[in-house]
Amino acid sequence: MNAADLTVTDLAVSRGGIPVLEGVSFTLSPGRALVLRGPNGVGKTTLLRTLAGLQPPMAGDISMPADAIAYSGHADGLKATLSVTENLGFWAAIYGTGGFDPVLEAMNLEALCDRLAGSLSAGQKRRLGLARLLVSGRPIWMLDEPTVSLDAASVALFAGAVRTHLAGGGAALMATHIDLGIAEAEVLDLAPFKARPSTVGGGGRGREFDEAFA
Amino acid sequence: MIALLLRDLRLAIRAGGGFGLGLAFFLIVTVLVPFGVGPEGDTLARIAPGILWVGALLACLLSLDRIFALDFEDGSLDLLATAPIPLEAVVTMKAAAHWLTTGLPLVVAAPVFGVLLNLQGEGFFWLTVSLALGTPALSVIGTFGAALTVGLKRGGLLLSLLVLPLYVPTLIFGAETVRRGTEGMETGAPLMLLAGITAASVALLPFASAAAIRVNLR
Amino acid sequence: MSIWEYANPKKFMQTSAWALPWVTGLAVIALVGGLIWGFFFTPDDYKQGSTVKIIYIHVPSAMMAINAWVMMLVASLIWIIRRHHVSALAAKAAAPIGMTMTLIALFTGAIWGQPMWGTWWAWDPRLTSFLILFLFYLGYIALWEAIDDPDTAADLTSVLCLVGSVFALLSRYAVNFWNQGLHQDASLSMDAEENVADVFWYPLLICIAGFVLLFVTLVLIRTRTEIRSRRLKALEARERMA
């Protein structure tokens, strides 16, 4: 185990107080990518949000370097009334990273930089959202359905950005259904980890304390 | 942190409804009151301090639900919560932006509305001072209410129900300052208490607001 | 054995099932006894006539209106610090009871105030404080109702209860500052003989005990209901997943 790794051991996550996944374990090393698979509702988003620190895990351990995660959810967090440059500049200031010109270039957004984010097409918005990840300067990306509403060319652009990130010693954890053609990516199917009722904290066997509820 | 404040201010200016709306609402309240109670100068002068403070409070309330709702919907709040700045700082900056777009214009414009309500003599000075000291508390308390209701579908009405009782002490000391000032009485005590409420709210409530946001993002 | 054992829902259900008949019985005895003694076996006040007898409902309900909030505050703190679900549910269960007590205090106050002060309502500091307390109860209950996820609701209402307590206290003093009122000072302090004569004092004590027991009874019943409904939801959720 390496200090730069994201290591997850026997993790159980819950949605609305009900366990959805349990016994999830994996290690994500720098330069690697992991693709989460599984049917809708299996808990991909919940797992990503737990790893990003937005909600506490029910059980298990997560170990990773401090301030390592850049999270990108279903929504991009873009402000329609701000221009592309202003949107990116804001996040660059929040993360304390400097220039973002290379990022504009990498995501092919230079021509759009003075447009208001609200006037962009869905795919262009998505690209801007992904540009925010580059701006964050953080090593571990957590991407929830990053390729939604991207056309083939944009998907290729995105895959290229991820590959560059991996080559630069970063890591990526993605929940996605399509094959990005990233050679370094391993696949983790979440279906086997689906929580069985009454094992986590319930049925009078697990944790005894709040047994009446679980 | 400053970047967040600047972004919120820029959003408020671009989207409209930030600076203007609260102020316009305040104006309408001030205009409607004489229609309700009659045009006699004495009556108006007597109730002016209270009406102006209640009007400021309602104008403040009007824009509270926008503090977090937009950021919650477009996912910015998730991203801010995972960003390197602490959530306590985020809510403080949000409250500051709310005050700059709502409270500060009210402070500046209140004397003009005071004229409409026949506010007397010293009252103008004390109205401005008490609003300047009191409106930050309104913004911070309102931010707390907005943080509690951020995930809710019909949060607006509930927000008013939660926040208005919390506004009672601020309103009492604020309006009392103006009333005493108008009558030429000692204003030190209510003004100090008002400042105390503001100071304590600004210092402590962001922690409660940040805790509420964390719970709501789960 | 620690007191926290009772925070286990199962243990709580067992203990409360055993205690409930006793508490209920005592509450009925104290209430019926105290009220009958107070209404029929005390003399009329030389100034206020028979209207004074409303204190046997007014004063205890006013006390319970405040005590219920204090109980909710303690229960909220226990939930925040120790995460015992029963504690959060007890706070939820107490809120409507406290609100009803506040309403009773306000209404009996109005009925009493009419012949005494010649008005149903005056912006007297204490009356005003209770009205504000009523608004706090209203907001607290509305927040519980508005949130679907029970743990989220428990967390948020606890934070609201904490902050609300500070502001309720602040409002109490602000209102005092704002208007000195009609109410007689502390009609019920420890040296009560100076304010209320003994003949009124003993039945009043019994009525207060009765209201406390009534409150405990209702909180126990409602908490048991909340626990059952929570358990039911958990079972349904498990059913769906299986």
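This passage describes contacts between and within the chains of a predicted model.

The contact takes 21 residues from chain A and 19 residues from chain B. On the side of chain A, strand 5 (69-72) and helix 2 (84-95) are the elements that give two or more residues. Helix 2 of chain A supplies the largest share, four residues. By class, this side of chain A holds eleven nonpolar, seven polar and three charged residues.

Helix 2 of chain A packs against helix 1 (residues 2-15) of chain B. The two axes are 8 Å apart, and the angle is about 155°. Angles over 145 degrees count as roughly antiparallel. Helix 2 of chain A and helix 1 of chain B are therefore roughly antiparallel to each other. From helix 2 of chain A, the residues that take part are A:Phe90, A:Ala93 and A:Ile94. They meet B:Ala3, B:Leu4 and B:Arg7 in helix 1 of chain B. By class, this helix contact has five nonpolar residues, one charged residue and no polar ones.

A:Thr81 lies in the loop between strand 5 and helix 2 of chain A. With 16 other C-beta atoms within 10 Å, A:Thr81 is partly exposed. A residue counts as buried at 20 or more such atoms and as exposed at 12 or fewer. Neighbours within four places in sequence aside, A:Thr81 is in contact with A:Leu116 and A:Gly118 in chain A. In chain B, A:Thr81 is in contact with B:Leu11, B:Arg14 and B:Ala15. A:Thr81 and A:Ser25 are 56 residues apart in sequence. In space, 42 Å separates A:Thr81 from A:Ser25, C-alpha to C-alpha.

Chain B also touches chain C. Here 18 residues of chain B are in contact with 22 residues of chain C. Helix 7 (123-148), helix 8 (155-182) and helix 9 (188-217) of chain B are the elements that give two or more residues to the chain B side. Helix 8 of chain B gives the largest share, ten residues. By class, the side of chain B that touches chain C has 16 nonpolar and two charged residues, with no polar ones.

Helix 8 and helix 9 of chain B also contact each other. Their axes come within 8 Å and cross at roughly 150°. Helix 8 and helix 9 of chain B are therefore roughly antiparallel to each other. The crossing is left-handed. Helix 8 of chain B brings B:Pro169, B:Thr170, B:Phe173, B:Gly174, B:Glu176, B:Thr177 and B:Arg180 to this contact. Helix 9 of chain B brings B:Pro190, B:Leu191, B:Leu193, B:Leu194 and B:Ile197. By class, the contact has seven nonpolar, three polar and two charged residues.

The largest nonpolar core has 195 residues. Within this core, A:Ala131, A:Met142, B:Ala56, C:Ala68 and C:Ala94 touch the most other members. Helix 3 (residues 85-117) of chain C contributes the largest share of the core, 13 residues. B:Ala56 touches B:Phe26, B:Leu106, B:Ala110, B:Leu131 and B:Thr135, not counting residues up to four places away in sequence.

Note on methods: Residues are numbered from 1 along each chain as its sequence is written. Chains are lettered from A and ligands numbered from 1 in the order in which they are written. This is a predicted model: local features need pLDDT of at least 70, side-chain atom pairs count only at pLDDT 80 or more; totals for chains, interfaces and linings use all residues. Two residues are in contact if their C-beta atoms, placed from the backbone, lie within 7 Å. Ala, Val, Leu, Ile, Met, Phe, Trp, Tyr, Cys and Pro count as nonpolar, Asp, Glu, Lys and Arg as charged, and the others, Gly among them, as polar. Axes are lines fitted to C-alpha atoms, for helices over the stretch in contact, and angles run from 0 to 180 degrees between N-to-C directions. Angles under 35 degrees count as roughly parallel, over 145 as roughly antiparallel, 65 to 115 as roughly perpendicular and the rest as oblique. A crossing is left-handed if the near helix is turned anticlockwise from the far one by less than a right angle, and right-handed if clockwise. A nonpolar core is a set of buried Ala, Val, Leu, Ile, Met, Phe, Trp, Tyr and Cys residues joined through C-beta atoms within 7 Å.
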